[in-house]
Amino acid sequence: MRKDKQKVIGEPMTDEQVAVFLNARPYNSDESVDLHVLVRAYRGLRSEDFARFLVMFKAAGHDLNAVDVDGRTFLATVREHAQSEEYVAVLEAAGAR
């Protein structure tokens with residue numbers, strides 16, 4: 001990065017911006033809606049915003065422990081990702097197994 005450039009992280013997201021991720025729907029009807037919504041939010045949100053999202057996710061009646069076609073929970077998948085410690089902690093605090 002050039003010396004005259006600063007890294008831009010972005011403005012804090014509003015609750016409305018975070019809640020938009022609840023509207024995501026899978027392209028394949030065989031995929032769990034809950035799992036798809038979690039994946040999209042995980043890929044698009046910083047850990048602190050993801051924590052806020054999980055509160056909304058659970059309040060909307062979604063299943064934090066939805067499984068993929070192999071029977072794995074989202075938490076099990078995220079644990080395998082490099083540098084996912086903050087997300088794992090947030091998921092565990094929200095009750096993911």
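Residue numbers start from 1 along each chain as the sequence is written, and side-chain values use heavy atoms, with hydrogens and water left out. Because this is a predicted model, local features need pLDDT of at least 70 and side-chain atom pairs count only at pLDDT 80 or more, while totals for chains, interfaces and linings use all residues.

Let's start in the middle. The largest nonpolar core has 27 residues, and those touching the most other members are Leu38, Phe50, Phe53, Leu54, Leu64, Phe74 and Leu91. A nonpolar core here is a set of buried Ala, Val, Leu, Ile, Met, Phe, Trp, Tyr and Cys residues joined through side-chain atoms within 4.5 Å. Buried means under 20% relative accessible area, exposed means over 50%, and partly exposed is in between, all with a 1.4 Å probe and protein chains only. Helices α2, α3, α4 and α5 each supply at least two residues of this core, and α2 gives the largest share, 6 residues. The helices are DSSP runs (H or I, at least four residues), numbered from the N terminus; strands would be E runs of at least two. In soluble globular proteins, nonpolar side chains tend to be buried together.

Now pick out the rings. Ring pairs link Tyr42, Phe50, Phe53, Phe57, Phe74 and Tyr87 into a cluster. Two rings of Phe, Tyr or Trp (its six-membered ring) pair if their centres lie within 6.5 Å; planes under 30 degrees apart count as stacked, over 60 as edge-to-face, and the rest as tilted. By that rule there are 6 aromatic pairs. Take Tyr42 and Phe74: their ring centres are 5.5 Å apart and their planes sit at 80°, so this pair is edge-to-face. Tyr42 belongs to helix α2 and Phe74 to helix α4, so the pair ties together parts that are 32 residues apart in sequence. Both partners are buried, Tyr42 at 15% relative accessibility and Phe74 at 4%. Phe53 and Phe57 make a tilted pair, because their ring centres are 5.6 Å apart with the planes at 40°. These two are 4 residues apart in helix α3, which puts about one helical turn between them. Phe53 is buried, with a relative accessible area of 0%, and Phe57 is buried at 0% as well.

An α-helix has 3.6 residues a turn, so residues three or four places apart point the same way. For a close-up, look at Leu91: leaving aside neighbours within four places in sequence, Leu91 is in contact (heavy atoms within 4.5 Å) with Phe50, Leu54, Leu64, Phe74, Leu75, Val78 and Ala96.

Gly95 is partly exposed at 39% relative accessibility, and touches Leu64 and Asn65, not counting residues up to four places away in sequence. The C-alpha atoms of Gly95 and Leu54 are separated by 9.8 Å, though the two residues are 41 apart along the chain.

Most residues other than glycine have a negative phi. Gln83 has a positive phi of about 60° although it is not a glycine, and is exposed, with a relative accessible area of 72%.

Back in helix α2 (residues 33–44) sits His36, which is buried at 7% relative accessibility. The His36 side chain reaches the backbone oxygen of Arg25 at 3.2 Å. Not counting residues up to four places away in sequence, His36 touches Ala24, Arg25, Pro26 and Glu31.

Finally, Gly10 lies in the segment before α1 (15–19) and is partly exposed at 42% relative accessibility.

Note on methods. Polar contact = N/O pair within 3.5 Å; in protein donor to acceptor, adjacent residues only side chain to side chain.
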